[in-house]
Amino acid sequence: MINKLVMATNNKNKLREAREILAPLGIEVISQQEAGVDIEPVEDGVTFEENAVIKAKAIYNAVKVPVIADDSGLCVDALDGRPAVYSARYAPKGQECEKILDEMKNVPDDKRTAYFECCIVYINGEDIHSMSGRCYGTITREKRGMDGFGYDPIFLYGNKTLAEMSPDEKNKISHRGEAMKKLYEYLEKKKGE
Ligand code: IMP
């Protein structure tokens, strides 16, 4: 029976989201910091899943209770899938959107497709399970919207960028929302076993 999970992050938004989603299962989610773990493993994987596994295993080895870890990023077709696992360090903080827009200034509208991907890994000893979600859209020609973070202002889904959506609206269609829903279903099944 799982009652408590450590999330391999200290990011407040990720924690709040995981807490809200897993609360109906009676599972408490605590941060790495709350678990007393002060390590930052080197994320040198080439896929989101590899990085999530690296983080999950490192934290699990320190706490020996069930752990979840996630990794996510943006993949742009016209840039051969970049920035992918390099999304967080693709440009100096606050300039990542400008860098993508600049690299894509000559890319026509019908070639501006992209997706966000999120992989969540659950680990409890030998039990390792990974779940991913994707959100498909296109890259705008200029930033739009004030909400969100990272590449949200240049990622168009339907007629809105993710930065023009409320957190609830975004969670319903986002890569992280989809992976989180799969995590919920996985843990719900485990509870019943
Ligand atoms: P991480 O999964 O926290 O390591 O995030 C990787 C990076 O991908 C972030 O720093 C953002 O640049 C980008 N990213 C991941 N998810 C999103 C999203 O939902 N919106 C905008 N950018 C995102």
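Analyst: In this predicted model, a polar side-chain atom of K14 lies 2.6 Å from an oxygen atom of the ligand. On the nitrogen side, the side chain of D152 places an N or O atom 2.6 Å from a nitrogen atom of the ligand. Taken on its own, the ligand has 490 Å² of accessible area, and the protein covers 88% of this.

The site as a whole may be described next. The ligand sits in the largest pocket. Two elements give two or more residues to the shell around the ligand, namely strand 3 (67-76) and helix 5 (175-192). Strand 3 supplies the largest share, with 3 residues. There are 14 residues around the ligand, and those that come nearest are K14, S72, D152, K170 and R176. Sorted by class, the shell comprises 5 charged, 5 polar and 4 nonpolar residues.

Most residues other than glycine have a negative phi, and most peptide bonds are trans. K64, in the loop between helix 2 (48-63) and strand 3, has a positive phi, near 55 degrees, although this residue is not glycine. P83 is located in the loop between strand 3 and helix 3 (96-103). The peptide bond that leads from R82 to P83 is cis, and its omega is near -5 degrees.

Aromatic pairs form the last topic. The structure holds 3 such pairs. One of them joins Y115 and Y136 in a tilted arrangement, with 5.4 Å from centre to centre and 45 degrees between the planes. Y115 belongs to strand 4 (residues 113-124) and Y136 to strand 5 (residues 127-139), so this pair ties together parts that lie 21 residues apart in sequence.

Key: Residues are numbered from 1 along each chain as its sequence is written. This is a predicted model: local features need pLDDT of at least 70, side-chain atom pairs count only at pLDDT 80 or more; totals for chains, interfaces and linings use all residues. Side-chain values use heavy atoms; hydrogens and water are left out. A residue is near a molecule or strand if one of its heavy atoms lies within 4 Å of it. A polar contact is a pair of N or O atoms within 3.5 Å; within protein, one must be able to donate a hydrogen and the other to accept it, and residues adjacent in sequence count only if both atoms are side-chain atoms. Accessible areas come from the Shrake-Rupley method with a 1.4 Å probe; for residues, only the protein chains shown count as cover. On a 1 Å grid over the protein atoms alone, a cavity is a set of points where a 1.4 Å probe fits but cannot get out, and a pocket is an open set with protein on both sides within 12 Å along at least five of seven lines; lining residues have an atom within 4 Å of a point. A molecule sits in a cavity or pocket if more than half of its atoms lie within 2 Å of its grid points. Helices (H or I, at least four residues) and strands (E, at least two) are DSSP runs, numbered from the N terminus. Ala, Val, Leu, Ile, Met, Phe, Trp, Tyr, Cys and Pro count as nonpolar, Asp, Glu, Lys and Arg as charged, and the others, Gly among them, as polar. Rings of Phe, Tyr and Trp (its six-membered ring) pair if their centres lie within 6.5 Å; planes under 30 degrees apart count as stacked, over 60 as edge-to-face and the rest as tilted.
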